[in-house]
Amino acid sequence: MAPADPGLVLLMALVEGTEGKTVRWLPRVALLPAGDAAFERLREVMLSITTHRLSVRLEDGATDQVGVALERLVEALPPYRALLRLLALVRFIQGREAEAGELLARVSSLAADGAAGEAAGAVPVREAGLERALRALEKRRRDHRVVGSVVIPAYRVEGCIGRALDSVDRAVRYYRQEAGDPDARFHICVVDDASPDGTVEAVRAWSRAHPDHSLSLIANSGNGGAGRSRNLGAAMAMGPYLWFLDADDWFLDRHLWVTATVLDRHPEIGFVRTGIRFDSIDRDITPVWRSASEVTYPCNLAVRRVCHDLIGGFPDEEPFNPAGPEDVCYSKSLQSLFAGVKTEEQTVCYTLGDGNVFDRLKADMLSGRPPGQGAPPEPVHLAAELLIRRRLYALEAKRGMAWDGPPILPGRSRADDPPAMEPGRHDAHNAHDGRPDSAVTALRAAVALDPGRIEGWNRLAMAIHAAQGPAASVAAFRRVRLLLPETASTHLNLGNVLFDSGRWPSAETSLRQALALDPARAYALFQLGRVAGRTGRADAACRLLARAARLESPTSPTAADIGAEMALALRDCGRWQDAARQGRRTAALVPGRYDVHLALAAAAEAEGRPAAALSAYERAIRCHPGFGEAFTRRAVLLLRQSWKAPAPRLAAGHAGRRLAATELGRNGRFGNQLLQYGFLRLYAARHDLDLEVPDWVGRYLYDCDDPLPGAPLPRVSEEDHDVFASLSGAAPVRAECDLTGYFCRHTAALAPYRTDFRRLFMPGRYLWPRADAIEHRLRARGRTVVALHLRRGDYGWGRFWVAPELWYRTWLERLWADLDSPVLYLATDAPELAEAFAPFSPILATDLDTPLAGAEFFTDFHALCVADVLAISNSTFSFTAGLLNRTARRFVRPDRHRRMLVPYDPWDAEILL
């Protein structure tokens, strides 16, 4: 149909009168050339009908679907007031008030210009309910736009409550002046704890005299203590921050400004404390009492309200009343979960009064005795201490929980002997996501305030290790070692993170220092055995592990680790029977150990029992699907049954030009192995080196014929040499070594070699017919192939996060109507996800081909390589497919911060986010 045929366009729009099809035709209807009055009227009628239909769907609750349809129409059509107003209504319902206001402004502008698109006599926009609702929301925001609340518990303070309130007034005025915001609002909540005097009347009188302040007064019917009163006030608070002020004390002018500014600038911390002016004894109070008071007293504290709520507020059990250590319990609870900042500026005055707590403690504060000494324990104190311990124990369950407040700190550790970290084999319990973590930022701020605090550095090191991985935490663990040079655990922890980051020589040095301080430390021997194994010294590994096994209790978890590592070391020595015997012994104790089944499989393969080897490799894969070696060996055994790899070519034999990669096939699975091999081949070609690699899937799929490894070479990790800089010539060439690593760097370094990289992975002589058939069948389904990769099986932890299907569906809904005869291919290890994409009629691997034994993943991979539009997951599998894709005109990937799919360039991007 010709685009200029107005009659047929209108007819199609009227015939296909469902909402979805009308939305498709309306842009053509609206853009038809102007005709006579009847034609113009018919066009207006079509727009009116569509608007009505969408309004009905909105009433039925289909808000998001209506929003998508309206967004398309508003983008495609000339301005039409009814559509704009309806979209404004949708945006308001969705909580996007700013967009709703902008749309209403456009409607008003169109009305003022006399634009067409709405029948005469329509209700003016300024009187519409939507605009009134927007004004009501804005008024409510202004009324409730509060910086925070000051909570004042009060009991029998008729004579001094006015001074406390006046100090708040002065602090608010100072804040407004410094912030340049005369309208900044603070809420004051006074909780009278059944005072027998005129405290309530004094508060009311102050409130009447200061009508510009927001003040609430809660009058308790019975006395419940300061802790309960503070909790009641906090429950009535407004704004994100809380301050506490006892009624007989007072704020200095800068208190609110200083503390709020710190919290504003450091979203990673939960609270801030300031210095205290201790009335007339400020110059005489001992440092230990000053320090103890300033970390427990509530009145020099500003805390985020969400943090107060999470720890459960102040304790209000009987041992804490009427004047017990509720502030100590609150402070310990807060500090157990959140990082805070302490400033030395005095911003609060702690006032001496006849018979108040300060007065009762005055003698102790001047005596030189530390807090807690000099008085015999009483049952009430012991009861309070038990309640504090009970609360802290309960709060441990909150670590690791998901929430929207500042980060919860990792668990505490003993400062005098930090615990040795568990060994990492890149397993789930050692996972990290590689992102800067706000808990790390908070702990950095804490140690900056007290660089000599051992526990702070130890917790920082642990937090960095958990959030960003072992390599990032090395510096912090080194600082702990400097602070505790005579403690074996500090050297052991440093050795562990150096090992996990691939810095084996440095790791060995630290581990030997730990062993020198504690010769019976079985764990240090175990880690040294692992270092020896990774650096190609299998015999030394066996000896070290045997010593560790003799020292370790056979029932401990570490004994199973030692046994599994011993099985691998015996395998690497070629002692197959001993490896099998050790593997069976360890498997009997821990049946779910990946490395044990790996050693058993290797022994079976070496002894010529391929069926037993396959069975053991598959058991290993079930133990940990994400590890590479079992995946590789199973694939090779199965592919070898049908296809023959090309004969390895002979090495050129150039002296000093060997480069081995004996770990290829062990680190990561298919996509990662292609990245490793591709980088190493480019590196070898760039510097005229002879690359030697073991048997791996690339020999069968891509006819790779590299020489097999020759005599052992010294093993070097990518962490010990900047091989990417070497690739470009910016660093010296590394040869005559066995290079290992993942090589998952930013791809800009590889971009100049993209043609050579892609040439490495052309399907081989056996694979080519299958690859060609897959692409042919795929293109027979549609002219535009849209491929999505949704990885689930071994994903969902740490850095290997899973993006929701909703992100992909939302992206598809925006894209789909603009594509030419699209077909959706879903590459996934979870085929049940196809149901979520049912409106797009997705096809799966089984719709195109029977699985290739040993390379069941290939259909998915090749479909991703030939797609016209590619949406990947946070996975090297689909990222590598994007590198090999020559036809796609659009690449997108999930962004966990923006919570959507975003465009990216495969040759100018980080491989994992």
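**Close-up 1. The surroundings of Val892.** Leaving aside residues up to four places away in sequence, Val892 touches Trp811, Leu870, Ala871, Ile872, Leu901, Val902, Pro903 and Tyr904, where contact means heavy atoms within 4.5 Å. The model shown here is predicted, so local features need pLDDT of at least 70 and side-chain atom pairs pLDDT 80 or more, while totals for chains, interfaces and linings use all residues. Residues are numbered from 1 along each chain as its sequence is written, and side-chain values use heavy atoms, with hydrogens and water left out. Val892 belongs to strand S16 (residues 890-895); strands (E, at least two residues) and helices (H or I, at least four) are DSSP runs, numbered from the N terminus. With 4% relative accessibility, Val892 counts as buried (under 20% relative accessible area, with exposed over 50% and partly exposed in between; 1.4 Å probe, protein chains only). Its C-alpha atom is 5.1 Å from that of Val902, 10 residues apart along the chain.

**Close-up 2. Charges over rings.** Arg893 lies over the face of Tyr904, 5.1 Å from the ring centre. Arg230 takes up such a place over Phe314, at 4.9 Å. For this, NZ of Lys or CZ of Arg must be within 6 Å of the ring centre and within 35 degrees of the ring normal.

**Close-up 3. Phe857 and Phe877.** The ring centres of Phe857 and Phe877 are 6.5 Å apart and the planes stand at 90°, so this pair is edge-to-face. Rings of Phe, Tyr and Trp (its six-membered ring) pair if their centres lie within 6.5 Å; planes under 30 degrees apart are stacked, over 60 edge-to-face, and the rest tilted. Phe857 sits in the loop between strand S14 (822-828) and helix H35 (858-866), and Phe877 in helix H36 (residues 876-884), 20 residues apart. Both Phe857 and Phe877 are buried.

**Close-up 4. Helix H27 and its neighbours.** The 14 residues of H27 (residues 610-623) reach 20 Å from first C-alpha to last, close to the 20 Å expected at 1.5 Å a residue (1.5 Å times one less than the number of residues). Look for Ala613, Leu614, Ala616, Tyr617 and Ala620, which are buried in H27. The buried residues of this helix pack against helix H26 (594-606) and helix H28 (628-642).
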